[in-house]
Amino acid sequence: MEPSPKPETPIAPPPPEAKPTVPPVPKEQPAEQKPHGEKPSAAAGAARKTLEDIAAGTPVAEATKQMENTPDREAVSALLTEANVLLLELRDMRLLMTSLATQAADSPLGNEVRLDALRSLQNMDTRGLPPEQAAQVTLFQDKIKALKLPDAKPDASAALPLIARYNETHPDSPVPPEVVDQIRNGKREATETVAQMLQTNDDLAAMTWKELTGVEGFTRLTPTPGTMLDLAGIPKTDENMKKASEIFSSAKSTMKEPQPSFKDQAVAGVMYGALAIMFVSQLATGGDQGGGGHH
C-alpha cells in the first residue's frame, strides 16, 4: 500500500517544473552560434578598458576617442586573415606583423595595431609583382578601402596613455618628453626609438605586450616561421613552412642592407612600426634574443 503513493507524487511535479526550463535553452544556443554573438563581449572589453584608462587619469575625450569610428572588429579580423594567406603566397615579410595584428587583444593599442596593419597593406606597392599577383593585391586593397578606415591620428595614439602610465610608475626611468612629443607629432624617428626601448626596457615591454596581447609577464616575441604561421592562423603544412622559411630568409638578407621602402610601408603607426623594426632587426641579428611566450 505504501509503494503506490510514492510513484504518484513524483509523476505530477516533474513535468510542470521541467517545462519552464526548456524555453530558455534554445534561446541561449542560437545567440552563441551566431558570429555576431561575440560582439557584445568585444565591445564590453573595449568599454571596460576605456573606463580603466579614465580611472587611471586619461582625459575622457582621449580615452573614448579610440572607440569612435572604429570599423567592425570581425570585418577587420576577416581582412587580416585574408591578408595572411595572400602575404604567405607572396613571400612578403609583412606577414610578420599582420600575423601578430590578427591576435591583438580588444584594447586601444590592439585596435590601433590592427588598423595600422590594414593601412600599411592599403599602401603596399604592387610594382614588380607578376600581373596575377598584382591583381590579387589590388582587389584586396579595394576591400580595405571599402572599410573606410579612419585616418591615423598620432596625437590620439594608444601609445601615449600607455607611456603616461609607465612614466607615473617608473619615475626613475621615464620615457623622455622629446620621445613623447615625437610620437604625438607622428615623427618617423619615434618608431626606431620605441623599438629600441621595447628591446632594452623589460618593464615598458611588459606593459606594452600586456596591452597589445592581454598576456601578463610577456616581454618579447622572438619570431620563427612556425610562430608566425600559428599567429596567422595558417596550418603548418610542409608547403606552408617552406614558404614561411623563405620569408625569414628574405627578411634576414633585406635587413642586413636596410631598405627604406620596407620601413616606409611598415611604419603606419608608432607602435606598429616599432614592432616591425624590432622583429626584422632580430632576424638580421639571428633572432637569438630571449624568450617570452606567445599565444
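Tutor: In this predicted model, the largest nonpolar core holds 67 residues, and those that touch the most other members are Ile183, Trp209 and Leu275. Helix H17, residues 270-284, gives the most to this core, with 11 residues. As general background, nonpolar side chains tend to be buried together in soluble globular proteins.

Once its neighbours within four places in sequence are left aside, Leu275 is in contact with Met97, Leu100, Leu198, Trp209 and Leu212. Leu221, which lies in the loop between H13 and helix H14 (225-232), is 54 residues from Leu275 in sequence, while the C-alpha atoms of the two are 9.7 Å apart in space. Leu221 has a relative accessible area of 5%, and because buried means under 20%, Leu221 is counted as buried.

Leu212, one of the contacts of Leu275, also takes part in the packing of helix H13 (residues 202-213) against helix H8. The axes of H8 and H13 are 6 Å apart and cross at an angle of about 75°; since angles of 65 to 115 degrees count as roughly perpendicular, that is how the two helices are described. On the H8 side, the residues that meet H13 are Pro108, Leu109, Gly110 and Val113, and on the H13 side they are Thr208, Glu211 and Leu212. Sorted by class, this contact has 4 nonpolar, 2 polar and 1 charged residues.

Thr208, in helix H13, has a relative accessibility of 2% and therefore counts as buried. With its neighbours within four places in sequence set aside, Thr208 is in contact with Leu109, Leu162, Leu198 and Met271.

Helix H8 itself, residues 108-122, can be checked for length: at 1.5 Å a residue its 15 residues should span 21 Å, and the end C-alpha atoms are 21 Å apart, which agrees. Of those 15 residues, 14 are buried, so H8 is largely enclosed by the rest of the structure.

For the setting of this part, the chain has 17 helices and 0 strands, and buried residues make up 42% of its 295 residues. Among contacts in the chain with a separation of 6 or more, 70% come from residues 24 or more positions apart.

Terms used
Residues numbered from 1 in each chain as written. Predicted model: local features only at pLDDT ≥ 70, side-chain atom pairs only at ≥ 80, totals over all residues. Heavy atoms only, no water. Helix = DSSP H or I, 4+ residues; strand = E, 2+ residues; numbered from the N terminus. Expected span 1.5 Å × (residues − 1). Buried < 20%, exposed > 50% of the residue type's maximum accessible area, 1.4 Å probe, protein only. Axes fitted to C-alpha atoms, helices over the stretch in contact; angles between N-to-C directions. Parallel < 35°, antiparallel > 145°, perpendicular 65-115°, else oblique. Contact = heavy atoms within 4.5 Å. Nonpolar A, V, L, I, M, F, W, Y, C, P; charged D, E, K, R; others polar. Core = buried A, V, L, I, M, F, W, Y, C linked by side-chain atoms within 4.5 Å.
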